[in-house]
Amino acid sequence: MLNNKYIKFCSVILVATFLFTGCSKKTESLLLSPSVGVTGVSGKCTQVDNSAFPENRAFLSVWDQNKTMLTSFAIGNFTVLEDDKPCVIKGVQKVNNDLDPLAVSIIIDRSGSIYGQPTIDATNAAVAFVQSLGTSDSAQIINFSTTIKVSQGFTTNKSDLISAIQRTSDYEFEATSLYDAIGKGVEDVSKQRGRKLVIVMTDGADTSSSTYTVESIISKANQNGLAVYTIGIGEAEASVLGSIANGSSGATFSGTSSQLNSIYLEILTQLKNQVQISYRSILQDKPRTIQVYLHYGYFTAKFSRIYSY
């Protein structure tokens, strides 16, 4: 017959084994490691959706050293803070593009300097981008020169969007109201729900804006927690476009007009492979900086952006 001390000892061992195994399985389900071959990670927090505040959603684009998008993460891979105060993460998942469609303000430079083949290339690239959008994605088309022309408001109808892109009567080929065009795009897309952003393509510097500046564009974008993606060709001012993109947690690209197709495709690839973090904000009625820390094997990355409530 077993004595009481032996029974108690076995019971302790069994409980300890059960707890260790349970904790181990729980940890594995909450923390994923990088695949073999990943030697670095980077990315951006492109948007904070606070339409259901304080239940917020942060959207991330994360990629490895080869610019391959990374989307397989779990709650344990992330820490979220707002103004250095920790927030409760409620879920992490790859964005379902069908259930969470995009709203994109597509802004195209039609100033005098882009006349000729660059205009043809810009038109064809924008058309290809629209054709690659999902059936539930919406977009607006802004053609700009001196005048800002909303050639097509937000719609999911691709035929209407393509017609607006190709409407040559909206091409002025005059001055460049770049800042006012971007500002208008930010204003309009901020009224849309869900995932939203601005993509602007230009070949030059601003020469005729009267309402917006670089600083006010960034402020307006951050107020609404959204990103501006900039594409520069020709004599575009890379430093200005970079400031607008980086200041709004977007991305900036440069190349020739013949490379516009591939640039738009790279942007779309990032947008279609985003990670959503659902979390609860603890701050009220003030602009704040969200700080997202990614813990991924041996790698740690920090993504941050400003947004307001």
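**Entry 1: Asp49 and its surroundings**

I began with D49 and looked up its contacts, leaving aside neighbours within four places in sequence; D49 is in contact with E55, N56, R57, F59 and G194. I note at the outset that the model is a predicted one. I then located D49 in strand β1, which covers residues 41-49. Is D49 buried or exposed? Its relative accessible area is 8%, and D49 is buried because this value is under 20%. I also recorded a polar contact at 2.9 Å between the side chain of D49 and the side chain of S51.

D100 lies in the loop between β5 and β6 (102-109), while R57 belongs to strand β2, so that the pair links distant parts of the chain, 43 residues apart. I noted that both D100 and R57 are buried.

**Entry 2: the salt bridges of E55**

I looked up the total for the model, and the count comes to 9 salt bridges. I then turned to E55, which is one of the contacts of D49. Which residue forms a salt bridge with E55 at 3.2 Å, N to O? The partner at this distance is K90. K90 stands in strand β5 (residues 88-94) and E55 in strand β2 (residues 55-64), 35 residues apart.

R280 also forms a salt bridge with E55, and here the closest N and O atoms are 2.7 Å apart. R280 lies in strand β12 (residues 275-280) and E55 in strand β2, so this pair ties together parts that are 225 residues apart in sequence.

I wrote down the accessibility of each of these residues. E55 is partly exposed, with a relative accessible area of 28%. K90 is partly exposed at 46%, and R280 is partly exposed at 38%.

**Entry 3: an open sheet**

I traced an open sheet of 4 strands and found the order β4-β3-β13-β14, with antiparallel pairing. Why is one side of β4 and of β14 left without a neighbour in the sheet? The strands β4 (85-86) and β14 (299-307) stand at the edges and each has a single partner strand, so one side of each has no neighbour there. I then examined β3 (residues 78-82) and β13 (residues 288-296), which pair in the antiparallel sense over 5 bridges. Along this pairing, E82 stands opposite I290 in β13. In general, strands of a sheet pair through backbone hydrogen bonds, either parallel or antiparallel.

**Entry 4: a nonpolar patch**

I looked at the surface and found a nonpolar patch formed by L30, L31 and I75, which together have about 210 Å² of accessible area. Of these residues I followed L30, whose place is in helix α1 (residues 4-30). L30 is partly exposed, with a relative accessible area of 33%.

**Entry 5: R167**

Finally, I looked up where R167 lies. R167 is in the loop between α3 (158-165) and α4 (178-189). At 30% relative accessibility, R167 counts as partly exposed. I also noted the separation of R167 from V198: these residues are 31 residues apart along the chain, and their C-alpha atoms are separated by 20 Å.

Note on methods. Residues numbered from 1 in each chain as written. Predicted model: local features only at pLDDT ≥ 70, side-chain atom pairs only at ≥ 80, totals over all residues. Heavy atoms only, no water. Pairing = 2+ DSSP bridges. Helix = DSSP H or I, 4+ residues; strand = E, 2+ residues; numbered from the N terminus. Patch = residues over 30% accessible without salt bridge, like charges linked within 9 Å, V, L, I, M, F, W, Y side chains within 5 Å. Areas by Shrake-Rupley, 256 points an atom, 1.4 Å probe, with all protein chains shown as cover. Salt bridge = Lys/Arg side-chain N within 4 Å of Asp/Glu carboxyl O. Buried < 20%, exposed > 50% of the residue type's maximum accessible area, 1.4 Å probe, protein only. Polar contact = N/O pair within 3.5 Å; in protein donor to acceptor, adjacent residues only side chain to side chain. Contact = heavy atoms within 4.5 Å.
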